[in-house]
Amino acid sequence: MYGNLKRGEDTEQMGVIEWANWNTGRFPELKLLFHIPNGGKRDVKEAARFKAMGVKAGVPDLCLPVPMNGFAGLYIEMKYGKNKPTDHQKEWIKALKEQGYKVTVCYSGVEATQELESYLQGVRTILSNPASKPCRPQKRIAIYCAGRDVLPIKAALAAEGARGGCIFGDDFLPKDCDDSDGSEDCAACILKNVDIYAYD
């Protein structure tokens, strides 16, 4: 698949990126997946230039800056065979977890794609600034379904909103609603804050 390249971390990661490119229809967030080029061998001059530019040893290979499932984003460290995380990598993994990121070590492209798929099938994390004015969640829920089910799901959500029930739960009302003047009804709020993706 990748010419004469020997199978290893690089080729496994290439497979992950190829999978991501093919699956942006299902998970548009995969367009944000990127590689952090901290690995590889460089000569002394080039290594010094990269260090001056901010390259730091140990940063995980892949980053998905999408807050999901209570995490601020996802980092993946790619390994292959008997390779283990280095001390620098362990330090970064620990530090990133302390900052609210999910960090995982994957030993194959398949394992990494499964991790990405599972992560993106969760619930969007709501990030907010405590000093800012309370506001409605942005795309709090994502639903993946067959194309024929999109309209029925929207109708069901709108019907629930019309009954006056907030699907976002009691923790969303009333302090976060910010609709004291009644300019927006519950049905419109629900449809605005739910993403529905058709996978066919």
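What percentage of the 200 residues in the protein chain do buried residues make up? Buried residues make up 34% of them, where buried means under 20% relative accessible area, exposed means over 50%, and partly exposed covers what lies in between (1.4 Å probe, protein chains only). This is a predicted model, in which local features need pLDDT of at least 70 and side-chain atom pairs count only at pLDDT 80 or more, while totals for chains, interfaces and linings use all residues. Residues are numbered from 1 along each chain as its sequence is written, and side-chain values use heavy atoms, with hydrogens and water left out.

**View 1. The protein chain as a whole, with its 6 helices and 6 strands.** Helices (H or I, at least four residues) and strands (E, at least two) are DSSP runs that are numbered from the N terminus. Followed along the sequence, these elements give the pattern α-β-α-β-β-α-β-α-β-α-α-β. Of the contacts with a separation of 6 or more, 72% are between residues 24 or more positions apart, a contact being heavy atoms within 4.5 Å. The protein chain has an accessible surface of about 12500 Å², and carbon and sulfur atoms account for 55% of that area; accessible areas come from the Shrake-Rupley method with a 1.4 Å probe, and for residues only the protein chains shown count as cover.

**View 2. Helix α4, residues 109-120.** The 12 residues of α4 reach 17 Å from the first C-alpha to the last, which is close to the 16 Å expected at 1.5 Å a residue; the expected span is 1.5 Å times one less than the number of residues in the helix. Gly109, Ala112, Thr113, Glu115, Leu116, Tyr119 and Leu120 are the buried residues of α4. Seen down the helix axis, these buried residues fall within an arc of 155°, so they line one face of α4, the arc being that of the directions from the helix axis to the C-beta atoms. The exposed residues Val110 and Gln114 sit on the face of α4 that is turned away from its buried side. Among the elements that cover the buried residues of α4 are α1 (9-22), β2 (62-64), β3 (74-78), β4 (102-106) and β5 (141-145).

**View 3. Salt bridges that involve Arg26 with Glu117, and Arg124 with Glu29.** The whole structure contains 5 salt bridges, each being a side-chain nitrogen of Lys or Arg within 4 Å of a carboxyl oxygen of Asp or Glu. In one of them, the side chains of Arg26 and Glu117 meet at 2.3 Å, N to O. This pair links distant parts of the chain, with Arg26 in the loop between α1 and β1 (34-35) and Glu117 in helix α4, 91 residues apart. Arg26 is partly exposed at 25% relative accessibility, and Glu117 is partly exposed at 23%. In another salt bridge, the side chains of Arg124 and Glu29 meet at 3.1 Å, N to O. Arg124 lies in the loop between α4 and β5 and Glu29 in the loop between α1 and β1, so this pair ties together parts that are 95 residues apart in sequence. Arg124 is partly exposed at 22% relative accessibility, whereas Glu29 is buried at 8%.

**View 4. The salt bridge between Glu77 and Lys79.** The closest N and O atoms of this pair are 3.7 Å apart, and both Glu77 and Lys79 are buried.

**View 5. The cysteines Cys63 and Cys106.** Cys63 is buried at 5% relative accessibility, and Cys106 is buried with a relative accessible area of 1%. The structure holds 0 disulfides, a disulfide being a pair of cysteine sulfur atoms within 2.5 Å.
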